[in-house]
Amino acid sequence: MSIVVEKLSKIYGEQKALNEISFEVNPGDVLGFLGPNGAGKSTTMKILTCYIPQSSGNASVCGFDVSSHSIDVRRQIGYLPELNPLYTDMFVKEYLLFSAEVQGLGKQANARVEEMIDKVGLTIERKKKIGQLSKGYKQRVGLAQAMLHNPKVLILDEPTSGLDPNQVGDMRNLIKEIGRDKTILLSTHIMQEVEAMCNRVVIINKGEIVANNTLAGINRQLSHSGIIITIELKNEVKESMLKQIHDVQTVKQKGKKYQLHCSSDIREHLSQIASTNGWVLLAMNLEEESLEDVFQKLTK
């Protein structure tokens, strides 16, 4: 396993930030690590990257224990924190060469820096001072620095925070490309990113894990809560008429489109009712709950 967390706890005074959480990340996984603010995400990542010690439990990265082999763990990890700490008075290549020297790359430093500049798309900005860069390019510098020593595991904390839509798309594509040969633990509040990039999801709330599965697996776990059927009619009908239909729990209307939350699949029954009442049914779709819906259910 690339990452193994077993009954990990962290206590600050009287506050328990983590309560015996356990999960694993397999080699090659891109794991979405989700949770509301204060849920324990950053605490977990700080323990995995050896910034802070745990109060109890165990964690290891690529077989190295974070407590007893912290130097070995750091060699395996590239870390991009949410608040990307950069030396803004240094030039891009100058900073990356400095970082490579700190990481002990020796004679490989220059070649590795050039490779990372190309990989993250910094070629046209390489001669600028970091302080002159946009937020998106600063994130690229941070990502390049995190990958200089060719780690097996990348831990990315809100890598697209504060970026504009174009920058978000660029960073998302970059992470997907990197994920082909790295194990990635990705913390984000943007659900579309998780759905686009991650093959597994761990959701943490109040220091405890409330979901640990693939996206499809999480949806299956929550399937008992009902399904969503969206219909579009040629003419509007009263919501009250739709609410009277058997197994319809709630109705949300947007113009001539209606989102029905149902306790069972009633599409055939809906077609019959539409025909009986003379409704012209333009479209009807069965929808899966979005990850955002799942997240809200598990963390409220």
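The model is a predicted one, in which local features need pLDDT of at least 70 and side-chain atom pairs count only at pLDDT 80 or more, while totals for chains, interfaces and linings use all residues. Residues are numbered from 1 along each chain as its sequence is written, and side-chain values use heavy atoms, with hydrogens and water left out.

Across the whole structure, a search finds nine salt bridges, a salt bridge being a side-chain nitrogen of Lys or Arg within 4 Å of a carboxyl oxygen of Asp or Glu.

Select R75 and D72 to begin, and you will find a salt bridge whose closest N and O atoms are 3.2 Å apart. Both residues belong to helix α2 (residues 70–76), where a spacing of three residues separates them by about one helical turn; helices here are DSSP runs of H or I with at least four residues, numbered from the N terminus. R75 is exposed at 51% relative accessible area, whereas D72 is partly exposed at 23%; buried means under 20%, exposed over 50% and partly exposed in between, with a 1.4 Å probe and protein chains only.

Next, select K128 and E125, which form a salt bridge with the closest N and O atoms 3.0 Å apart. Here K128 is partly exposed at 34%, but E125 is buried at 9%.

Then move to helix α9 (residues 239–243), where K243 and E239 lie four residues apart and meet in a salt bridge at 4.0 Å, N to O.

Technical notes: Helix = DSSP H or I, 4+ residues; strand = E, 2+ residues; numbered from the N terminus.
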